[in-house]
Amino acid sequence: MSSNSVNWKELLRHYEATVDLSLHKRFDSDPERAKKLGFECGDLWVDVAKQKVDTETIDLLFDLAEEQGVTSFFHSMSFGEVVNLSEARPALHTFLRRPLSEESGKDLRSISENINETFNRMSELAEKIKSKQLLGFSGKVINSVINLGIGGSHLGPFMAFEALQDYVNPEIEMRWSSGLDAADLDNALQGLDPESTIVIICSKTFSTSETISAANRVLNWLSSNGVSDPTTQVFAATASPEKALSFGVVQENIFSFSESVGGRFSLASPVALGLMISIGCKNFEEMLDGMNIIDRHVLEVTRNIPMLLGLIDVWNNSIIGTNSLAIVPYSYRLRYFPSHLQQLMMESLGKSVSSEGESLKTKSGVAVFGASGTDAQHSFFQMLHQGTETIPVDLIGFARLSNETSQELIANLIAQAETLAFGQDTDEKGIPLLPHKILPGDKPSTVILAPDLSPSILGQLVALYEHRTVSAGVVLGINPFDQWGVEFGKQAAKEIANELQSSKIDTNRDDSTQTLMKRYSHWRDGKP
Ligand code: F6P
């Protein structure tokens, strides 16, 4: 977006005119504020009344979205058009959860038929394991899964697995390993019987060194523990089936998907095969249906809620000037949601060049962090309340969790939203507090409430943030679907590893790097 856009200038003028309006004043001056700034989105309730916006702000933000073509972008995306310009690809993640009946047009239908065919194969495998029909090399029933992947090939599926623990099949032992550190994999393999375990190698490119290294370690673990032919126990979820084949995965054990599905947008893809095996096909389909509810909301409602949240992110980050976003789910089961969103939002929006190749004139994405509810209150909420930096926070809560603490959790969530917004400057007797005890308030938050944490609700939350992120990217004029910034680091790591292995350090490297490499080699070789 060029900063000389008419609507952008309007927004800046509006900001100057309203910046001194505290949340206190905004609520006092409009008794209808909560009603005007609370919205239903699928089965979710989204309250932005405690954000530093008014209905006029929202009108101007949607005008900006219209000017930047956000609505037409989503329609192009839904028709499979090229929207990922730097990789000349469409973005097909919503096709993964769209019923075949919704398809129009021959080309789109063939994409969806492939997706449905793969989904059916995934379901067959899941059912076979559930009914104890899948046998390992030595004839033992398969009852354990080790899932290998990193980034989008781990964070989403693992987050969903933990979020949906109330739905997992206790007869199937599901383990996850994502890192390069062998301790991670060793921990995941602890206590598993190699003859009853399958491994799912999740990698869109099937070339991510951490995942391939872990896959080779698992093959060694299988072969050195009696599984002399692991063929039937090794599976792959990838957009590079030919690489999986050359790695040694047999065709019938490969579940492929389009390279036009972004890693951080791939929760509905075969990388979630382990999740489907664990929670079962019905619950997995319910999650997809939940995602589709929000996908349709975005296409059917012009001023839709995911877009509104993305616009408020632009308002906070690029106009008010905040530098981070806290995500705080008041649910133990959803404690990994911030990690998933960290990749989704920071890998999508952490860019400084527009889709047209121009340096951005406005700030783009911000640092995303978070933790589950009351843990976060005993960790970083001090800074949210009294820090010099304004940090917007999303507070996510559930009316019914599968235990008796729901009410206490919701009470904490609501209390935090209230205190962040309105602060506290007197004690319970009305006596003014000393400066270091004053809570200034006027801290923005969005509250998202859901009736429960079901597969559908989880799907709705994930899709809400996916579309929120894409909306913000389009408004900012950046491509939310590529990640060129992380490609070079992979290559550099390989070169440095080779130099460390051969102890031939490239003297063209800077002194600091050379010193680090020498210091490591010194200690590695046991020298004092
Ligand atoms: O972090 C870079 C990245 O390419 C992510 O976008 C992706 O989710 C992750 O690495 C893993 O990639 P793959 O699924 O190809 O192994």
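Predicted model: local features only at pLDDT ≥ 70, side-chain atom pairs only at ≥ 80, totals over all residues.
Reader: What is the distance from a polar side-chain atom of Glu347 to an oxygen atom of the ligand?
Author: A polar contact needs a pair of N or O atoms within 3.5 Å. Ser153 places a polar side-chain atom 2.6 Å from a ligand oxygen, and an N or O atom in the side chain of Thr208 is also 2.6 Å from an oxygen atom of the ligand. For Glu347, the distance from a polar side-chain atom to a ligand oxygen is 2.7 Å.

Reader: How much of the area that the ligand exposes when taken alone does the protein bury?
Author: Taken alone, the ligand exposes 390 Å². The part of that area buried by the protein is 89%.

Reader: Where does the ligand sit, and how much space lies there?
Author: The ligand sits in the largest pocket. The space in that pocket is about 900 Å³.

Reader: Which of the residues that line the largest pocket are the closest to its centre?
Author: The lining of this pocket is made of 39 residues. By class, they are nine nonpolar, 18 polar and twelve charged. The closest to the pocket centre are Thr205, Thr208, Gln483, Glu487 and Lys490.

Reader: Which helix gives the most to the lining of the largest pocket?
Author: The elements that supply two or more residues to this lining are helix 9 (209-223), helix 10 (241-247), helix 14 (337-349) and helix 19 (487-502). With four residues, the one that gives the most is helix 19.

Reader: What is the volume of the largest cavity?
Author: The whole structure contains three cavities of 30 Å³ or more. The largest cavity has a volume of about 50 Å³.

Reader: Which elements give two or more residues to the lining of the largest cavity?
Author: This cavity is lined by Asp313, Asn317, Leu325, Met345, Leu349, Gly365, Val366 and Val368. Five of these lining residues are nonpolar, two polar and one charged. The elements that give two or more residues are helix 13 (305-320) and helix 14.

Key
Residues numbered from 1 in each chain as written. Heavy atoms only, no water. Polar contact = N/O pair within 3.5 Å; in protein donor to acceptor, adjacent residues only side chain to side chain. Areas by Shrake-Rupley, 256 points an atom, 1.4 Å probe, with all protein chains shown as cover. 1 Å grid on protein atoms, 1.4 Å probe; cavity = no way out; pocket = protein on both sides within 12 Å on 5 of 7 lines; lining within 4 Å. Sits in = over half its atoms within 2 Å of the grid points. Points joined across faces, edges and corners; volume = space filled by probe spheres on them. Nonpolar A, V, L, I, M, F, W, Y, C, P; charged D, E, K, R; others polar.
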